[in-house]
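Subject: Handover of a structure and notes on it

Dear colleague,

Please find the structure below, handed over for your files. My notes follow it.

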Amino acid sequence: MEEIKSVSLEMKDYIVSSGAETLSWCMQCGLCTNLCPWRLVPGEVSEAFNIRKMQRLGQLGLEGFEDEEILFACATCGMCQSNCPRKVEIINNVRSMRNTTVGAGFLPAHLRPIAGSIHANGNPWSGEKEKRAEWQEGLDIPAFSEDTEYLLYVCCTSCYDTRSKKIAKSIVSLLKEAGVSFGVLTAEENCCGETIRKLGDEELFQKLAESNIKLFNSKGVKKIITTSPHCLYAFKKDYPDYGGEYEVVHYSEVLSKLMKEGKLTFKGEVGKKVTFHDPCYLGRHNEVYDAPRELIQAIPGVEFVELERNKSKSLCCAGGGGRVWAEVPMGQRFGELRITDAVEKQADVLVTACPYCILMLDDACAGLEKNDVLEVMEMSELLCSASKP
Amino acid sequence: MDKKTGVYICSGCGIGDALDIAALSKVATKESKVPVCKTHAFLCGAEGVAQIKSDIENEGVNTVVIAGCSSRVNYDVFDFGPSVILERANIREQVIWCHPAEDEDTQMMAEDNLRMSLAKAGHIEIPEGYHGENMVKTILVVGGGLTGITAAIEGAKAGYKTVLVEKSPVLGGWMNNLFKQAPLKAPYSDPEEVDIAVRIQEVEANPDVTVYTSAEIKEIAGAPGMFDVKIEQNGQEINERIGSVVLATGAVPYDASKLEHLGYGKYANVITSQAFEELAKNGKIVRPGDGKEVQSIAFLQCAGSRDAEHLPYCSSVCCVESLKQATYLKEQNPEAAIYVFHKDIRTPGQYEKLYKRVQKDGAVFVRGDVTGITEDDDKNLLIEAADVLTGATIGTEGVDLVVLATGMVPTTAFGESLDAKSENEEKEEKPQGDTIIRSNLLNLAYRQGPEMPTLKYGFSDSHFVCFPYETRRTGIYAAGSVRAPMDALSSIEDATGAAMKAIQCIELSELGSAVHPRVGDLSFPSFAMQRCTQCKRCTVECPFGAINEDDKFNPLPNPTRCRRCGICMGACPERIISFKNYSVPMIGNMIKAIEVPEEDEEKPRIVVFACENDAIPCLDMAGINRLSYNAWVRVIPVRCLGSMSLVWIADTLSKGIDGILLLGCKHGDDYQCHFIKGSELAETRLSKVAETLDRLSLESERVRMEQVSIMDYDQIPGILDGFAERLEELGPNPYKGF
Amino acid sequence: MNIIVCIKQTFDTEAKIVLDGNGKIDPNGVNLIINPYDEYAIEEGIRLKEKFGGDVTIVTMGGPRAQEAVRTALAMGADKGVVVNDPILEGTDEWANAEILAKAVAQLPYDIILSGRIAIDDGASQISVRLAEALNIPSVTSVLKLEVAGTQVTATREIDGGTETIEVALPAVFTAQKGLNEPRYPSVAGIMKAKKKPLKSMAVADLGLAAGDLASKMSVQKYTLPTARQAGQKIPGDAPQAAKELARLLHEEAKVL
């Protein structure tokens, strides 16, 4: 006799009231599950994680969606929701489902130190708060003031991770070269909170948002340039919920515009075959596809090739949604498939414009032992290498 | 008629390169002694046509035989008016396009085709249309619901008088019971006010429509254009003379008392969707029994539908109706919990927006079979169902009310069933009898039975594959949910279509023309009654009930009911039936016109009787696609394989022809035969022939039947060549040369 | 079986400790969690209930946010909660805390009492044993495995370099060591049910204690932060050279050899 599972409308209402307003829109067509990058890799998580089924369990208030493996598997890449025929906000639903447990104090063990670090230090990397602006030493970066047009907001990763700090530095150098009026408030900032919100900790996100908004408003910030597409998303789409309204752009958008106006030129040659990996948060989530391509293709000598899965079909690096801190065995990370994609196109350089993507792709490239044939570069680093002859 | 024949051979489209035109002309001039025989390189062009017209005007040519393309093309170009006999010999699609050029056998084929056409032209007489006495153009609409009202209004708007007969005291039918109707206009997500009252007003105010309420049809006698209808209203009898009939008596909900397994009749709070609609119409939605306001509800879709034990079919509207009813509850109580248990959600077209709206309102949709319903102490219902989408069996908390969305059953399905049987007992293989149910709707005075034949679910038959608006009774058209389950929008469209068909029938009948599918055909069967043996084969086998009987079993034909298929002609063993332009001797002489080579020439001959509706087009298509097959084939077009007279088989075989192929439309459940039964009847008759052939020491395999549709043209070479191969194995017809 | 689990809400393991103007530990803006060792105790308690039936009651002492910790434990599967919330707790020492806890526990029926072996904030590791003494029942600490049969318990506890097995009769107190079990991740249904489970809040006075009864036997003189770690020294050269230099440094500068 098969066990009968009880439908709980109360549970469903609880999930919906945590932010999953579009949960009932889903008609269970299954397109999402088939587009999900988890289908491309083998392993336990891939077999357990079925986004359609997860939404269904939520719709009926049935237990099972909150299994750690399932609930925290989603990388929030957006492939599902950008194709959903009902325009269900699937990522919001996942976030709300996570909130039902995280809000009650339960985070998976591997994520507790991350949340703890954000609480204590204002960044997820256990870096000391006082050292947030250390990367700026010797660079002569102006502080943001009333006369500055843009606030340059640097992702926590690029403030603390050694490899990632280079990205912050090269972006600063490009902005200066293009004559952008920008300033920083790094030392007083906290993490933008994008990822912790996706992980379901709404309370912590609120704390971060409120503190950042208070800081920005007190300094008169109106426009923000971000180094990371995740921060772009947070300021543009999440912060208005807490009263933060700013004009937010990714650095590639600013530089591309100025390049077209002639204010930024590339004099040096880069005689390489270059391909571009669209970060989920720059591409699908914020629809910035052209700016990075315009910049790369403006470099003399570059032979630009497109990856098969590009632009809105770009394959996630598996870093979003908190997955950058997950332990995943080699062979089960979809980021590795990206390296394979680039190698297949015989590219010399795989360029991307997101610090999480850099972490994941660097790791995958080393893991697949392709460092001798493929170089992973952040776009600002590529552009910097071409700014001088 | 004194015939002066002109033969015109077109040498365009490659004909001139493939054939010896001179030799072909000799068939006309030397063999048949035709007075006029001309060739032209582009006969369908202005010059070519002008030439023929000039001959008609100036040379007195009154019988034109054109050897060229298929009669299915250029019929508008080669139109010489009703007083000229026109015959088309197909030497393009069926000869040169699928056989090698400059080849002896191809040449023989073309020549035989011309011979057959000349033989046929020799028999054709120009038909004069049948004109009945006192023919009228009034339309009778039976049933005064949305469909009937619409048909009446549309008929009247087009300028035709209409009589509308309704059984109940008021017009409006099912729509009168609704609280709101499903959305008919943008944004398609909100139910609308019911507008039937406006339509009723319109029809009652129309001076061209006569409305009889509390009235039923006692009898319909006669034929299209000349129906005599007896209407009974409140005990009084009224007579109307009618041109054509629209049946719009609709459908009724399925009997829910059969759904005990879903709790109906067992639990107080399980009701039908009709009952729910009533609750909503009466004001607050409360439970029957204890009057509690409904806070939670479950709609069970496909209740007794898509179920082999109940109604095997989908009733098309129940999903939309339940979604509409869900909005009623949400309007009354925004916090109400709504479940919809379904097999599928069928919301075609714009109804999808209603579905999306109900989803957004928070309803829970469960796809899967309901496995159990139980009642708790508060008389709430607990439902268990398989949830396909999680692969588990789920159970709900108690809901206040369960609504069973039942399907619809047409009014034609109620009554005693009469199977029209063939009364020729000696035959074992009988064609499928029509199922006629005494539903007391039309009460036709037809030998075949008092109502229209029904399809397997009790719906009045339409030729659904090819002609959904047609029925098996000429001049009587079914529309609305009596024809198929449908929503209000489709019913309105259906009614308009039926009205149009009714008008078409009236107008064509007045001209003496066939209505469908041989539109424009003025011929009709005539009976040489002095040789009739009252065997009743014609009256039984006519698929359209066109032939009545008197009390001595003499056939009484009704020309305006007739579809001119010739099935009666093929059925008659005495061959007393014929048309002015289509008869048994005509085909017989076409067969005799074929030249059959001697046995030692090793050129077999196959005659293909091909029906004009699917087989001829299929052969033409094979030609258009340049598929090649053997050149032994000689094609004789017939109106319907059902018009096959068995004497043609004897004629063909005694001429020494080696094989006979009957090529016709598909019959069976998804039949495509344009005359419903013809193809099937031919097959039945063939089985009787087998015995005769065997007695004559002729292999019964020499006669074969194949079913094709126009899309099967790629199979033609296989069919024809395969038959030729088999005939080669059997050897030549021993009667050759006799 | 009546199971009691005593828990403590502590600072997050990642939290940065700062001292306020008065030289006291500044609790502002610090993330609070259930003491991780107590999680093992809660899990064990729930497992015992699943095996033997009965009730799991969570008892804790703390400030206004302590309730969150109890709700989390209830979501895991405990049945009831008791919170002693009183301003007096800001100044009590381990002895006074144990007295208060004992009074709270004594009001409840108990067959077995569980808690974590140490709290990660102050690292005192005293409360549970003091509680047992106050209740006059046995206690076994640092338990890695617990086997209950009727009123007899066989506990395996961790000692330096190995384990020892102790048999004891209930009622008794057991403190959990890491490795006792893997605490469960609660279901959302559990979280929702937890909101409705009974949670009693009490002040010290409700336990029949007055401030005078709880004069601390120990007072804190001063809090200082640990000295900052100095940067490491990199010793250059190849292995034999570097080893020689290292030995010299350890002997002369670090003075450990």
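Where in chain A is the place of H277(A)? H277(A) sits in the loop between β6 (273–276) and α14 (290–297) of chain A, where helices (H or I, at least four residues) and strands (E, at least two) are DSSP runs numbered from the N terminus.

Before I continue, some conventions. This is a predicted model, in which local features need pLDDT of at least 70 and side-chain atom pairs count only at pLDDT 80 or more, while totals for chains, interfaces and linings use all residues. Residues are numbered from 1 along each chain as its sequence is written, chains are lettered from A and ligands numbered from 1 in the order in which they are written, and side-chain values use heavy atoms, with hydrogens and water left out.

To return to H277(A): this residue counts as buried because its relative accessibility is 0% (buried means under 20% relative accessible area, exposed over 50%, partly exposed in between, with a 1.4 Å probe and protein chains only). Neighbours within four places in sequence aside, the residues in contact with H277(A) include L307(A), S314(A), C317(A), R338(A), V351(A) and C357(A); contact means heavy atoms within 4.5 Å.

Domains of chain A

Chain A is assigned domain 1 (9–102), domain 2 (116–256) and domain 3 (265–385); such bounds come from an automatic or database domain assignment. Between domain 1 and domain 2 of chain A, the C-alpha centres are 30 Å apart. Seven residues of domain 1 of chain A contact six residues of domain 2 of chain A, and the area buried between these two domains is about 620 Å², with 58% from carbon and sulfur atoms. Buried area here is the accessible area (1.4 Å probe) that two parts lose on being put together, summed over both.

The UniProt record (unreviewed entry) places "domain: Cysteine-rich" at residues 154–236 and 274–362 of chain A; its positions are given in the numbering used here, feature names are shortened, and annotations may be inferred rather than shown by experiment. Residues 154–236 of chain A are 63% helix and 7% strand, with end C-alpha atoms 15 Å apart. For residues 274–362 of chain A, the content is 30% helix and 11% strand, and the end C-alpha atoms lie 16 Å apart.

An open sheet in chain A

Four strands of chain A form an open sheet with parallel pairing, in the order β3-β2-β4-β5; two strands pair if DSSP finds at least two bridges between them. Its edge strands, each pairing on one side only, are β3 (182–183) and β5 (247–250) of chain A. Strand β2 (residues 150–153) of chain A runs parallel to β3(A) and is joined to it by two bridges, with Y150(A) opposite F182(A). Across β2, β4 (223–226) and β5 of chain A lies helix α12 (residues 229–238), at about 165 degrees to β5(A) (axes are lines fitted to C-alpha atoms, for helices over the stretch in contact, and angles run from 0 to 180 degrees between N-to-C directions).

Chains together

Chains A and B bury about 1900 Å² between them, 52% of it on carbon and sulfur atoms. V7(A), R56(A) and R86(A) supply 29% of the area that chain A buries against chain B, more than any other three residues. Chains B and C do not touch, and their nearest C-alpha atoms are 15 Å apart.

Yours sincerely
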